[in-house]
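I opened this notebook to record what I looked up, entry by entry, with the cut-offs beside each term.

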Amino acid sequence: MADRNRYRRNRQESKDVQQTERQANFLTFQILMVLLLLAAVWAAKSLHLKAFEDIRRLSALLEGDTKSVSAVIGSEELTGFLQENLPVYWRDLLNRFGLLSEEAVEDGMGGVYPGTLNAGAERPRNVTFSPVLLTAQPRVPVSGRVSSGFGWRDNPLAPGRYDFHTGLDIAAAEGTVILAALPGVVSDTGYSDSYGNYLHIAHAGGLETHYAHCAELIAKTGEVIRQGERIALVGSTGNVTGPHLHFEIRQQGLCCDPLPQLGYAG
């Protein structure tokens, strides 16, 4: 009986020791993580890194510090930081309360995209109004306001001139990151007077996506691109009225309306 009681006590003491060790290890881990976080904040502040100030102001904004919010509204640097880094739902929420200025992107549209007109036809030869069935869902390449849709329109750079717009203009702040709508291979990059800095991505089955008026091209010709990967920055190069992305989807060389392909009613 005494041996059995001794065995139970030893077993309980062993469990207590193991639990104490686990608690000590977890506490040590927490302390190390706090120290690493403090060291990172100290380093960012000591080196006067711009990201530290952006994060500090962003924290104040999301925590509802009205004084700090008043101080940062209209800040182009903070607006650029928010446009590039905040998830879409946060940007939509802040836009709803008027905290993200859209003055710089309100009229961002592109100029002449008439295609090749076919006498007597109701559309250029290089476009199609037929439904295009895709095996994958394209993602929105950049968050912003649609400033010009697919189809006939009054040319924003030549009022009174009616032309055909072969893509979708999405107005966004200069320098906003552009993401690949679908995975593929960069088939062409370059510059033209109309499109400015442009980038084309080839996908399976003769499908292509085109991105124009970029401030800077990140992806290179021949590079394999994943869906959602950064490929360029929004700009105002070429024939434009302001910073925006001109986005096209082409099937076998024919431009189709990108809006339904992105999951929106045309």
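**Entry 1, ground rules.** I am working from a predicted model, in which local features need pLDDT of at least 70 and side-chain atom pairs count only at pLDDT 80 or more, while totals for chains, interfaces and linings use all residues. Residues are numbered from 1 along each chain as its sequence is written, and side-chain values use heavy atoms, with hydrogens and water left out.

I looked for salt bridges (a side-chain nitrogen of Lys or Arg within 4 Å of a carboxyl oxygen of Asp or Glu), and the count is 3. D163 pairs with R153, with 3.5 Å between the closest N and O atoms; this pair joins distant parts of the chain, since D163 is in strand β3 (residues 162–165) and R153 in strand β2 (residues 151–154), 10 residues apart. I take strands as DSSP runs of E of at least two residues, numbered from the N terminus. R153 also forms a salt bridge with D169, at 3.7 Å from N to O, and here strand β2 is linked to strand β4 across 16 residues.

I call a residue buried under 20% relative accessible area, exposed over 50% and partly exposed in between (1.4 Å probe, protein chains only). R153 counts as buried because its relative accessibility is 9%, and D169 does so at 0%; D163 is buried too. S148, in strand β1 (residues 145–148), is buried at 6%, and its side chain makes a polar contact with that of R153 at 2.7 Å. Such a contact is a pair of N or O atoms within 3.5 Å, and within protein one must be able to donate a hydrogen and the other to accept it, with sequence neighbours counted only if both atoms are side-chain atoms.

Which residues touch the most other members of the largest nonpolar core? Among its 26 residues they are I178, L199, I201, Y211, I225, I231 and F247. The core is a set of buried Ala, Val, Leu, Ile, Met, Phe, Trp, Tyr and Cys residues joined through side-chain atoms within 4.5 Å. Strand β8 gives the most to this core, with 4 residues.
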